[in-house]
Amino acid sequence: MADASAPPESRRGPGRGPTRPAVAWAPVGAAVLVLGVLLTATSTRYGYHRDELYFRMLEPGWGYLDQPPLTPWLARTFADLFGDTLLVMRIPATLAHLAAIVVIALVARELGGRGGAQALAAWGYATAAIPVAFGHTLLTSSLDLLMWPAILLCVIRAVQRDPRWWLAAGLITGIALYNKLLVGALLGAILLGLVVGWPWRMLRRSAAPDRWPLATPWPWAGAVVALLVGLPNLVYQATNGWPQLAMGAALGENNAADVRSEMWLFQLLTLGPPLALVWLVGLVWLWRRRPLLRFLVVAYPALLAFTYLAGSQTYYATGLLSVLFAAGCVPVIDWAGAVGRRAVVVSVVALNAATCLVISLPLVPLAALGSTPVADINSAAQDAVGWPEYVGQVADVYEALPAQDRDRTVVLTQNYGEAGAVDRFGPDLGLPAVYSGHNELWEYGPPPASSTVALVLSEAPGAWGGRFEECTVRGRLDNGVGVDNEEQGVSILECRGPAGGWDSLWPDLRHLD
(Lines give C-alpha, C1' and ligand atoms only; values in the text may rest on other atoms or scores of the structure.)
Protein backbone atom coordinates (compact mmCIF):
# COMPACT_ATOMS: atom_id res chain seq x y z
CA MET A 1 0.00 0.00 0.00
CA ALA A 2 1.39 3.43 -0.96
CA ASP A 3 2.52 5.75 1.80
CA ALA A 4 0.08 8.66 1.99
CA SER A 5 2.85 10.93 3.23
CA ALA A 6 5.04 10.27 0.21
CA PRO A 7 5.43 12.96 -2.44
CA PRO A 8 2.88 12.86 -5.29
CA GLU A 9 5.24 11.30 -7.80
CA SER A 10 5.91 8.39 -5.44
CA ARG A 11 2.21 7.75 -4.94
CA ARG A 12 1.71 7.67 -8.71
CA GLY A 13 4.30 4.95 -9.32
CA PRO A 14 7.93 5.00 -10.48
CA GLY A 15 8.70 7.99 -12.66
CA ARG A 16 5.07 9.03 -13.03
CA GLY A 17 4.31 12.68 -13.59
CA PRO A 18 3.33 14.71 -10.53
CA THR A 19 -0.12 16.01 -9.88
CA ARG A 20 -0.43 19.27 -11.80
CA PRO A 21 -1.13 22.36 -9.73
CA ALA A 22 -3.13 25.29 -11.04
CA VAL A 23 -1.50 27.62 -13.53
CA ALA A 24 -0.04 30.63 -11.71
CA TRP A 25 -1.53 33.18 -14.09
CA ALA A 26 -0.75 36.19 -11.90
CA PRO A 27 3.08 35.99 -11.92
CA VAL A 28 3.21 34.45 -15.39
CA GLY A 29 0.86 37.06 -16.81
CA ALA A 30 2.85 39.81 -15.12
CA ALA A 31 6.04 38.58 -16.79
CA VAL A 32 4.28 38.52 -20.16
CA LEU A 33 2.89 42.03 -19.65
CA VAL A 34 6.15 43.59 -18.47
CA LEU A 35 8.25 42.01 -21.23
CA GLY A 36 5.63 42.87 -23.83
CA VAL A 37 5.79 46.54 -22.86
CA LEU A 38 9.60 46.52 -22.65
CA LEU A 39 10.13 44.80 -26.01
CA THR A 40 7.64 47.09 -27.72
CA ALA A 41 9.13 50.23 -26.17
CA THR A 42 12.63 49.32 -27.35
CA SER A 43 11.74 47.75 -30.69
CA THR A 44 12.57 50.84 -32.77
CA ARG A 45 15.84 51.76 -31.07
CA TYR A 46 19.04 51.36 -33.11
CA GLY A 47 17.56 49.94 -36.33
CA TYR A 48 16.87 46.93 -38.52
CA HIS A 49 18.94 43.78 -38.12
CA ARG A 50 20.57 42.58 -41.34
CA ASP A 51 18.34 39.49 -41.40
CA GLU A 52 15.21 41.62 -41.10
CA LEU A 53 16.32 43.73 -44.06
CA TYR A 54 16.87 40.51 -46.00
CA PHE A 55 13.43 39.11 -45.18
CA ARG A 56 11.85 42.23 -46.69
CA MET A 57 13.52 41.51 -50.03
CA LEU A 58 12.55 37.89 -50.44
CA GLU A 59 9.77 37.24 -52.91
CA PRO A 60 6.90 34.97 -51.79
CA GLY A 61 7.74 31.30 -52.20
CA TRP A 62 7.60 27.84 -50.65
CA GLY A 63 11.23 28.09 -49.68
CA TYR A 64 14.56 29.69 -50.36
CA LEU A 65 18.14 28.63 -50.83
CA ASP A 66 19.03 29.42 -47.23
CA GLN A 67 15.78 28.90 -45.32
CA PRO A 68 12.17 27.72 -45.38
CA PRO A 69 9.45 30.33 -45.90
CA LEU A 70 7.83 30.97 -42.50
CA THR A 71 9.83 33.87 -41.06
CA PRO A 72 10.03 35.88 -44.33
CA TRP A 73 6.30 35.25 -44.82
CA LEU A 74 5.55 36.66 -41.37
CA ALA A 75 7.72 39.70 -42.06
CA ARG A 76 5.94 40.44 -45.34
CA THR A 77 2.46 39.66 -44.05
CA PHE A 78 2.74 41.94 -41.04
CA ALA A 79 4.19 44.69 -43.25
CA ASP A 80 1.29 44.35 -45.70
CA LEU A 81 -1.32 44.37 -42.94
CA PHE A 82 0.09 46.96 -40.55
CA GLY A 83 2.75 48.93 -42.44
CA ASP A 84 6.36 48.47 -43.50
CA THR A 85 8.00 49.77 -40.32
CA LEU A 86 10.53 48.48 -37.84
CA LEU A 87 7.91 48.40 -35.08
CA VAL A 88 5.68 46.14 -37.18
CA MET A 89 8.61 43.98 -38.33
CA ARG A 90 9.31 42.96 -34.75
CA ILE A 91 5.78 42.14 -33.64
CA PRO A 92 6.10 38.41 -34.53
CA ALA A 93 9.34 38.13 -32.52
CA THR A 94 7.75 39.84 -29.52
CA LEU A 95 4.68 37.60 -29.69
CA ALA A 96 6.86 34.49 -29.99
CA HIS A 97 8.85 35.45 -26.89
CA LEU A 98 5.72 36.18 -24.87
CA ALA A 99 4.18 32.86 -25.88
CA ALA A 100 7.43 31.08 -25.00
CA ILE A 101 7.29 32.56 -21.48
CA VAL A 102 3.92 30.87 -20.98
CA VAL A 103 5.19 27.57 -22.43
CA ILE A 104 8.22 27.52 -20.11
CA ALA A 105 5.97 28.20 -17.11
CA LEU A 106 3.67 25.36 -18.24
CA VAL A 107 6.67 23.01 -18.40
CA ALA A 108 7.43 23.83 -14.76
CA ARG A 109 3.78 23.23 -13.91
CA GLU A 110 3.79 19.92 -15.80
CA LEU A 111 6.64 18.78 -13.57
CA GLY A 112 4.74 19.62 -10.40
CA GLY A 113 5.88 23.19 -9.96
CA ARG A 114 3.46 25.35 -8.05
CA GLY A 115 3.18 29.13 -8.16
CA GLY A 116 6.74 29.85 -7.02
CA ALA A 117 8.33 27.48 -9.55
CA GLN A 118 6.15 28.81 -12.37
CA ALA A 119 6.99 32.39 -11.40
CA LEU A 120 10.71 31.60 -11.36
CA ALA A 121 10.45 29.87 -14.72
CA ALA A 122 8.48 32.73 -16.27
CA TRP A 123 10.51 35.65 -14.94
CA GLY A 124 13.87 33.91 -15.25
CA TYR A 125 13.25 32.94 -18.87
CA ALA A 126 11.52 36.21 -19.78
CA THR A 127 14.58 38.25 -18.82
CA ALA A 128 17.30 35.81 -19.91
CA ALA A 129 20.01 36.80 -22.38
CA ILE A 130 19.36 34.86 -25.60
CA PRO A 131 15.55 34.65 -25.28
CA VAL A 132 15.35 38.43 -24.87
CA ALA A 133 17.73 39.06 -27.77
CA PHE A 134 15.73 36.77 -30.06
CA GLY A 135 12.47 38.29 -28.82
CA HIS A 136 13.68 41.77 -29.70
CA THR A 137 14.74 40.96 -33.27
CA LEU A 138 12.83 38.93 -35.88
CA LEU A 139 15.11 36.01 -36.65
CA THR A 140 14.34 32.44 -37.64
CA SER A 141 15.61 31.47 -34.19
CA SER A 142 12.96 33.74 -32.62
CA LEU A 143 10.29 31.25 -33.68
CA ASP A 144 12.41 28.21 -32.76
CA LEU A 145 12.55 29.44 -29.16
CA LEU A 146 8.79 29.07 -29.05
CA MET A 147 8.26 25.94 -31.12
CA TRP A 148 11.01 23.75 -29.65
CA PRO A 149 9.86 24.12 -26.01
CA ALA A 150 6.25 23.70 -27.19
CA ILE A 151 7.18 20.40 -28.86
CA LEU A 152 8.99 19.27 -25.73
CA LEU A 153 6.02 20.23 -23.52
CA CYS A 154 3.75 18.06 -25.68
CA VAL A 155 6.22 15.15 -25.58
CA ILE A 156 6.50 15.42 -21.79
CA ARG A 157 2.73 15.29 -21.50
CA ALA A 158 2.57 12.37 -23.92
CA VAL A 159 5.12 10.36 -21.93
CA GLN A 160 3.77 11.22 -18.49
CA ARG A 161 0.03 11.44 -19.02
CA ASP A 162 -1.73 10.98 -22.33
CA PRO A 163 -0.06 9.57 -25.47
CA ARG A 164 -2.43 11.57 -27.66
CA TRP A 165 -0.21 14.57 -27.02
CA TRP A 166 2.14 13.04 -29.60
CA LEU A 167 -0.33 14.31 -32.20
CA ALA A 168 0.06 17.88 -30.94
CA ALA A 169 3.84 17.45 -30.96
CA GLY A 170 3.60 16.30 -34.57
CA LEU A 171 1.46 19.28 -35.54
CA ILE A 172 3.91 21.79 -34.07
CA THR A 173 6.82 19.92 -35.65
CA GLY A 174 5.16 20.17 -39.06
CA ILE A 175 4.81 23.92 -38.62
CA ALA A 176 8.39 24.19 -37.36
CA LEU A 177 9.62 22.58 -40.59
CA TYR A 178 8.53 25.77 -42.37
CA ASN A 179 10.95 27.69 -40.19
CA LYS A 180 13.97 25.37 -40.10
CA LEU A 181 14.61 21.76 -40.96
CA LEU A 182 16.81 21.88 -37.88
CA VAL A 183 13.86 20.66 -35.83
CA GLY A 184 14.83 17.22 -37.12
CA ALA A 185 17.86 17.39 -34.83
CA LEU A 186 15.56 17.87 -31.85
CA LEU A 187 13.47 14.88 -32.87
CA GLY A 188 16.58 12.78 -33.29
CA ALA A 189 17.78 13.79 -29.83
CA ILE A 190 14.38 12.88 -28.33
CA LEU A 191 14.42 9.51 -30.09
CA LEU A 192 17.93 8.78 -28.84
CA GLY A 193 16.89 9.82 -25.33
CA LEU A 194 13.88 7.48 -25.35
CA VAL A 195 16.14 4.59 -26.34
CA VAL A 196 19.17 5.29 -24.15
CA GLY A 197 17.55 7.08 -21.22
CA TRP A 198 14.41 5.02 -20.75
CA PRO A 199 14.41 3.49 -17.21
CA TRP A 200 14.17 -0.10 -18.40
CA ARG A 201 15.44 -1.78 -15.22
CA MET A 202 13.48 0.37 -12.80
CA LEU A 203 10.22 -0.16 -14.62
CA ARG A 204 10.88 -3.88 -15.06
CA ARG A 205 10.95 -4.18 -11.27
CA SER A 206 7.71 -2.24 -10.92
CA ALA A 207 4.46 -4.07 -10.31
CA ALA A 208 2.88 -2.12 -13.17
CA PRO A 209 5.69 -1.20 -15.58
CA ASP A 210 5.03 1.60 -18.02
CA ARG A 211 4.97 0.83 -21.68
CA TRP A 212 7.78 2.26 -23.77
CA PRO A 213 6.32 5.22 -25.73
CA LEU A 214 7.83 4.13 -29.04
CA ALA A 215 6.12 0.75 -28.69
CA THR A 216 2.74 2.47 -29.03
CA PRO A 217 1.24 3.84 -32.26
CA TRP A 218 0.91 7.41 -30.99
CA PRO A 219 4.41 8.80 -31.65
CA TRP A 220 4.32 7.31 -35.13
CA ALA A 221 0.91 8.87 -35.71
CA GLY A 222 2.45 12.15 -34.58
CA ALA A 223 5.24 11.65 -37.11
CA VAL A 224 2.63 11.18 -39.85
CA VAL A 225 0.94 14.43 -38.79
CA ALA A 226 4.30 16.23 -38.93
CA LEU A 227 5.01 14.88 -42.40
CA LEU A 228 1.57 15.79 -43.72
CA VAL A 229 1.69 19.32 -42.35
CA GLY A 230 5.26 19.89 -43.51
CA LEU A 231 4.89 18.08 -46.84
CA PRO A 232 4.83 21.15 -49.15
CA ASN A 233 8.05 22.41 -47.61
CA LEU A 234 9.67 19.00 -47.84
CA VAL A 235 8.57 18.68 -51.47
CA TYR A 236 10.16 22.04 -52.20
CA GLN A 237 13.41 20.90 -50.59
CA ALA A 238 13.43 17.57 -52.43
CA THR A 239 12.65 19.08 -55.83
CA ASN A 240 15.29 21.78 -55.41
CA GLY A 241 18.16 19.54 -54.36
CA TRP A 242 17.77 20.00 -50.58
CA PRO A 243 19.23 23.51 -50.49
CA GLN A 244 19.01 23.59 -46.69
CA LEU A 245 21.63 20.85 -46.52
CA ALA A 246 23.91 22.77 -48.85
CA MET A 247 23.40 25.90 -46.77
CA GLY A 248 24.15 24.03 -43.55
CA ALA A 249 27.35 22.67 -45.07
CA ALA A 250 28.37 26.17 -46.14
CA LEU A 251 27.73 27.56 -42.66
CA GLY A 252 29.70 24.72 -41.14
CA GLU A 253 32.62 25.36 -43.46
CA ASN A 254 32.65 29.07 -42.57
CA ASN A 255 31.78 28.92 -38.86
CA ALA A 256 32.96 25.56 -37.53
CA ALA A 257 36.17 26.71 -35.84
CA ASP A 258 34.44 29.53 -33.96
CA VAL A 259 31.33 27.50 -33.11
CA ARG A 260 33.30 24.57 -31.71
CA SER A 261 35.38 26.80 -29.46
CA GLU A 262 32.57 29.13 -28.33
CA MET A 263 29.63 26.76 -27.89
CA TRP A 264 30.71 25.58 -24.43
CA LEU A 265 30.84 29.06 -22.92
CA PHE A 266 27.63 29.88 -24.78
CA GLN A 267 25.76 27.28 -22.72
CA LEU A 268 26.52 29.30 -19.60
CA LEU A 269 25.67 32.60 -21.27
CA THR A 270 22.43 31.48 -22.93
CA LEU A 271 20.20 32.33 -19.98
CA GLY A 272 22.87 34.19 -18.05
CA PRO A 273 25.55 32.65 -15.78
CA PRO A 274 23.50 33.05 -12.55
CA LEU A 275 20.73 30.86 -13.99
CA ALA A 276 23.12 28.18 -15.27
CA LEU A 277 23.00 26.54 -11.84
CA VAL A 278 19.22 26.21 -12.16
CA TRP A 279 19.27 24.26 -15.41
CA LEU A 280 22.19 22.14 -14.17
CA VAL A 281 20.06 21.29 -11.12
CA GLY A 282 17.28 20.49 -13.57
CA LEU A 283 19.46 17.96 -15.37
CA VAL A 284 20.31 16.12 -12.15
CA TRP A 285 16.78 16.34 -10.77
CA LEU A 286 15.19 14.95 -13.91
CA TRP A 287 17.55 11.98 -13.92
CA ARG A 288 17.02 11.18 -10.24
CA ARG A 289 13.36 12.10 -9.69
CA ARG A 290 11.66 11.82 -13.10
CA PRO A 291 12.84 8.55 -14.66
CA LEU A 292 10.30 8.75 -17.49
CA LEU A 293 11.80 12.07 -18.51
CA ARG A 294 15.42 11.00 -18.55
CA PHE A 295 15.24 11.26 -22.31
CA LEU A 296 15.59 15.04 -21.83
CA VAL A 297 18.88 14.56 -20.02
CA VAL A 298 20.22 12.35 -22.82
CA ALA A 299 18.87 14.66 -25.52
CA TYR A 300 20.89 17.63 -24.27
CA PRO A 301 24.39 16.21 -24.89
CA ALA A 302 23.04 14.73 -28.13
CA LEU A 303 22.12 18.23 -29.32
CA LEU A 304 25.49 19.53 -28.17
CA ALA A 305 27.17 16.82 -30.22
CA PHE A 306 25.09 17.81 -33.24
CA THR A 307 26.02 21.46 -32.72
CA TYR A 308 29.70 20.54 -32.55
CA LEU A 309 29.64 18.30 -35.61
CA ALA A 310 27.53 20.66 -37.72
CA GLY A 311 29.61 23.67 -36.72
CA SER A 312 26.97 26.05 -38.06
CA GLN A 313 25.64 28.07 -35.10
CA THR A 314 26.12 27.99 -31.33
CA TYR A 315 22.49 28.30 -30.22
CA TYR A 316 21.01 25.01 -31.44
CA ALA A 317 20.47 23.59 -27.94
CA THR A 318 18.81 26.73 -26.56
CA GLY A 319 15.21 25.48 -26.83
CA LEU A 320 16.00 22.33 -24.85
CA LEU A 321 18.15 24.25 -22.38
CA SER A 322 15.13 26.44 -21.61
CA VAL A 323 13.08 23.34 -20.76
CA LEU A 324 15.85 22.08 -18.48
CA PHE A 325 15.77 25.47 -16.78
CA ALA A 326 12.02 25.10 -16.22
CA ALA A 327 12.66 21.66 -14.71
CA GLY A 328 15.30 23.08 -12.38
CA CYS A 329 12.88 25.71 -11.10
CA VAL A 330 10.86 23.01 -9.30
CA PRO A 331 13.59 21.74 -6.92
CA VAL A 332 15.13 25.20 -6.58
CA ILE A 333 11.85 26.64 -5.26
CA ASP A 334 11.44 23.60 -3.01
CA TRP A 335 14.89 24.41 -1.58
CA ALA A 336 14.00 28.09 -1.23
CA GLY A 337 11.15 27.47 1.18
CA ALA A 338 12.58 29.74 3.86
CA VAL A 339 12.22 33.50 3.48
CA GLY A 340 15.98 34.06 3.40
CA ARG A 341 16.58 31.51 0.67
CA ARG A 342 13.71 32.84 -1.42
CA ALA A 343 15.21 36.33 -1.14
CA VAL A 344 18.47 34.91 -2.49
CA VAL A 345 16.66 33.39 -5.49
CA VAL A 346 14.80 36.63 -6.22
CA SER A 347 18.02 38.64 -5.95
CA VAL A 348 19.85 36.30 -8.33
CA VAL A 349 17.06 36.51 -10.91
CA ALA A 350 16.94 40.30 -10.59
CA LEU A 351 20.70 40.62 -11.00
CA ASN A 352 20.66 38.32 -14.01
CA ALA A 353 17.76 40.25 -15.53
CA ALA A 354 19.47 43.62 -15.13
CA THR A 355 22.64 42.34 -16.80
CA CYS A 356 20.90 40.47 -19.60
CA LEU A 357 18.53 43.31 -20.46
CA VAL A 358 21.37 45.79 -20.82
CA ILE A 359 23.25 43.40 -23.09
CA SER A 360 20.33 42.01 -25.10
CA LEU A 361 18.17 45.12 -25.57
CA PRO A 362 19.10 48.49 -27.08
CA LEU A 363 19.20 50.26 -23.70
CA VAL A 364 22.66 51.80 -24.07
CA PRO A 365 22.44 55.13 -25.96
CA LEU A 366 23.50 54.63 -29.56
CA ALA A 367 26.14 57.35 -29.38
CA ALA A 368 27.83 55.51 -26.49
CA LEU A 369 27.42 51.96 -27.82
CA GLY A 370 30.81 51.78 -29.53
CA SER A 371 32.63 52.66 -26.30
CA THR A 372 30.98 49.86 -24.29
CA PRO A 373 31.53 46.09 -24.39
CA VAL A 374 27.84 45.54 -25.28
CA ALA A 375 28.43 45.68 -29.04
CA ASP A 376 31.23 43.11 -28.79
CA ILE A 377 29.10 40.77 -26.68
CA ASN A 378 25.84 41.12 -28.62
CA SER A 379 26.44 40.75 -32.35
CA ALA A 380 22.74 41.49 -32.99
CA ALA A 381 23.32 45.01 -31.64
CA GLN A 382 26.21 45.46 -34.07
CA ASP A 383 24.06 44.29 -36.96
CA ALA A 384 21.35 46.86 -36.16
CA VAL A 385 23.55 49.94 -36.39
CA GLY A 386 24.35 52.28 -39.28
CA TRP A 387 22.15 51.12 -42.15
CA PRO A 388 20.57 54.50 -43.03
CA GLU A 389 23.98 56.16 -42.75
CA TYR A 390 25.61 53.58 -45.00
CA VAL A 391 22.93 53.92 -47.65
CA GLY A 392 23.22 57.70 -47.45
CA GLN A 393 26.93 57.43 -48.16
CA VAL A 394 26.27 55.23 -51.19
CA ALA A 395 23.72 57.80 -52.35
CA ASP A 396 26.36 60.54 -52.09
CA VAL A 397 28.62 58.59 -54.44
CA TYR A 398 25.71 58.00 -56.80
CA GLU A 399 24.85 61.70 -56.88
CA ALA A 400 28.46 62.51 -57.78
CA LEU A 401 28.28 60.40 -60.96
CA PRO A 402 27.88 62.17 -64.29
CA ALA A 403 24.18 62.58 -65.06
CA GLN A 404 24.46 60.44 -68.20
CA ASP A 405 25.80 57.51 -66.14
CA ARG A 406 23.10 57.33 -63.49
CA ASP A 407 20.51 55.64 -65.70
CA ARG A 408 22.94 52.78 -66.39
CA THR A 409 24.10 52.33 -62.79
CA VAL A 410 23.21 49.61 -60.27
CA VAL A 411 24.30 48.93 -56.71
CA LEU A 412 26.12 45.63 -56.07
CA THR A 413 26.59 44.50 -52.47
CA GLN A 414 28.68 41.81 -50.81
CA ASN A 415 25.92 40.54 -48.54
CA TYR A 416 22.16 40.47 -48.08
CA GLY A 417 22.21 42.95 -45.18
CA GLU A 418 23.67 45.67 -47.37
CA ALA A 419 21.30 44.75 -50.20
CA GLY A 420 18.33 44.88 -47.86
CA ALA A 421 19.41 48.27 -46.51
CA VAL A 422 19.67 49.73 -50.02
CA ASP A 423 16.29 48.21 -50.88
CA ARG A 424 14.71 49.71 -47.72
CA PHE A 425 16.29 53.18 -47.63
CA GLY A 426 17.61 53.63 -51.17
CA PRO A 427 14.37 54.53 -53.01
CA ASP A 428 13.85 57.62 -50.84
CA LEU A 429 17.37 58.75 -51.77
CA GLY A 430 16.97 58.07 -55.48
CA LEU A 431 19.28 55.06 -55.60
CA PRO A 432 18.90 52.54 -58.45
CA ALA A 433 18.15 48.81 -58.11
CA VAL A 434 20.39 46.70 -55.89
CA TYR A 435 21.84 43.25 -56.64
CA SER A 436 23.85 40.72 -54.65
CA GLY A 437 25.34 37.26 -55.12
CA HIS A 438 24.67 36.35 -51.49
CA ASN A 439 22.44 33.31 -50.81
CA GLU A 440 18.93 33.59 -52.31
CA LEU A 441 19.57 37.01 -53.86
CA TRP A 442 21.90 35.43 -56.41
CA GLU A 443 18.89 33.50 -57.71
CA TYR A 444 17.18 36.78 -58.64
CA GLY A 445 19.65 37.16 -61.47
CA PRO A 446 22.27 39.61 -62.69
CA PRO A 447 21.70 43.28 -63.52
CA PRO A 448 20.50 44.04 -67.07
CA ALA A 449 23.11 44.18 -69.79
CA SER A 450 22.48 47.90 -70.19
CA SER A 451 23.82 48.57 -66.67
CA THR A 452 27.51 49.15 -67.32
CA VAL A 453 28.28 51.06 -64.11
CA ALA A 454 28.10 49.50 -60.64
CA LEU A 455 28.56 50.97 -57.20
CA VAL A 456 30.15 47.99 -55.46
CA LEU A 457 30.40 47.53 -51.69
CA SER A 458 33.39 45.38 -50.80
CA GLU A 459 35.82 44.65 -47.99
CA ALA A 460 38.43 43.68 -50.61
CA PRO A 461 38.47 46.39 -53.28
CA GLY A 462 41.52 44.88 -54.96
CA ALA A 463 39.54 41.75 -55.87
CA TRP A 464 37.36 43.63 -58.34
CA GLY A 465 40.06 44.77 -60.75
CA GLY A 466 39.75 41.65 -62.93
CA ARG A 467 35.96 41.70 -62.87
CA PHE A 468 35.52 45.15 -64.40
CA GLU A 469 37.46 47.21 -66.87
CA GLU A 470 38.14 49.76 -64.14
CA CYS A 471 37.28 50.23 -60.46
CA THR A 472 37.95 53.26 -58.28
CA VAL A 473 37.39 53.66 -54.55
CA ARG A 474 34.99 56.57 -54.01
CA GLY A 475 34.38 56.30 -50.27
CA ARG A 476 34.14 54.12 -47.22
CA LEU A 477 31.18 53.26 -45.02
CA ASP A 478 31.11 54.81 -41.56
CA ASN A 479 28.27 54.43 -39.08
CA GLY A 480 29.44 57.49 -37.17
CA VAL A 481 29.17 55.93 -33.71
CA GLY A 482 32.32 53.80 -33.67
CA VAL A 483 30.59 50.40 -33.75
CA ASP A 484 32.90 47.92 -35.46
CA ASN A 485 30.33 45.88 -37.35
CA GLU A 486 30.76 44.00 -40.61
CA GLU A 487 30.09 47.07 -42.76
CA GLN A 488 32.28 49.57 -40.94
CA GLY A 489 35.09 50.67 -43.27
CA VAL A 490 33.76 48.78 -46.31
CA SER A 491 34.81 50.44 -49.58
CA ILE A 492 32.38 52.02 -52.03
CA LEU A 493 33.73 51.33 -55.50
CA GLU A 494 32.75 52.88 -58.79
CA CYS A 495 33.23 50.07 -61.29
CA ARG A 496 32.74 50.29 -65.05
CA GLY A 497 32.46 47.68 -67.77
CA PRO A 498 31.73 44.23 -66.27
CA ALA A 499 34.28 41.85 -67.81
CA GLY A 500 32.53 39.68 -70.41
CA GLY A 501 29.15 41.15 -69.45
CA TRP A 502 26.97 40.41 -66.45
CA ASP A 503 25.99 36.92 -67.62
CA SER A 504 29.67 35.96 -67.63
CA LEU A 505 30.45 37.65 -64.32
CA TRP A 506 27.38 36.60 -62.33
CA PRO A 507 28.26 32.93 -61.64
CA ASP A 508 31.52 34.02 -60.01
CA LEU A 509 29.67 36.29 -57.56
CA ARG A 510 27.59 33.54 -55.95
CA HIS A 511 28.38 32.68 -52.33
CA LEU A 512 26.63 30.88 -49.46
CA ASP A 513 27.25 31.87 -45.84
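**Entry 1: the second largest cavity**

I looked up which element gives the largest share of the lining of the second largest cavity, and I found H9, with four residues. The model I am reading is a predicted one. Two elements give two or more residues to this lining: helix H9 (140–160) and helix H17 (318–335). I noted a volume of about 70 Å³ for the second largest cavity.

Next I listed residues. Phe134, Ser141, Asp144, Leu145 and Trp148 are among those that line the second largest cavity. Lys180, Leu182, Tyr315, Tyr316, Thr318 and Gly319 also belong to the lining. Sorted by class, I get six nonpolar, three polar and two charged residues.

**Entry 2: the largest cavity**

I then asked how many cavities of 30 Å³ or more a search of the whole structure finds. The search gives four. The largest cavity has a volume of about 100 Å³. Its lining holds 15 residues, and I wrote down the closest to its centre: Tyr46, His136, Ala380, Ala381 and Ala384.

Which helices each supply at least two residues of this lining? I found helix H8 (129–136) and helix H21 (379–382). By class, the lining of the largest cavity has seven nonpolar, six polar and two charged residues.

**Entry 3: the disulfide**

I turned to the cysteines. A disulfide is a covalent bond between the sulfur atoms of two cysteines. My search of the whole structure turned up one disulfide. This disulfide joins Cys471 to Cys495, with an S to S distance of 2.1 Å.

I placed both partners. Cys471 sits in strand E4 (residues 468–476) and Cys495 in strand E5 (residues 491–498), so the pair ties together parts that are 24 residues apart in sequence. The torsion about the S-S bond of Cys471 and Cys495 is about 120°, so I logged the disulfide as right-handed.

Are the two partners buried or exposed? Cys471 is partly exposed, at a relative accessible area of 27%. Cys495 is buried, at 0%.

I checked Cys154. A disulfide needs the two sulfur atoms within 2.5 Å. Cys154 counts as buried because its relative accessibility is 5%, and the limit for buried is under 20%.

Terms used. Residues numbered from 1 in each chain as written. Predicted model: local features only at pLDDT ≥ 70, side-chain atom pairs only at ≥ 80, totals over all residues. Heavy atoms only, no water. 1 Å grid on protein atoms, 1.4 Å probe; cavity = no way out; pocket = protein on both sides within 12 Å on 5 of 7 lines; lining within 4 Å. Points joined across faces, edges and corners; volume = space filled by probe spheres on them. Nonpolar A, V, L, I, M, F, W, Y, C, P; charged D, E, K, R; others polar. Buried < 20%, exposed > 50% of the residue type's maximum accessible area, 1.4 Å probe, protein only.
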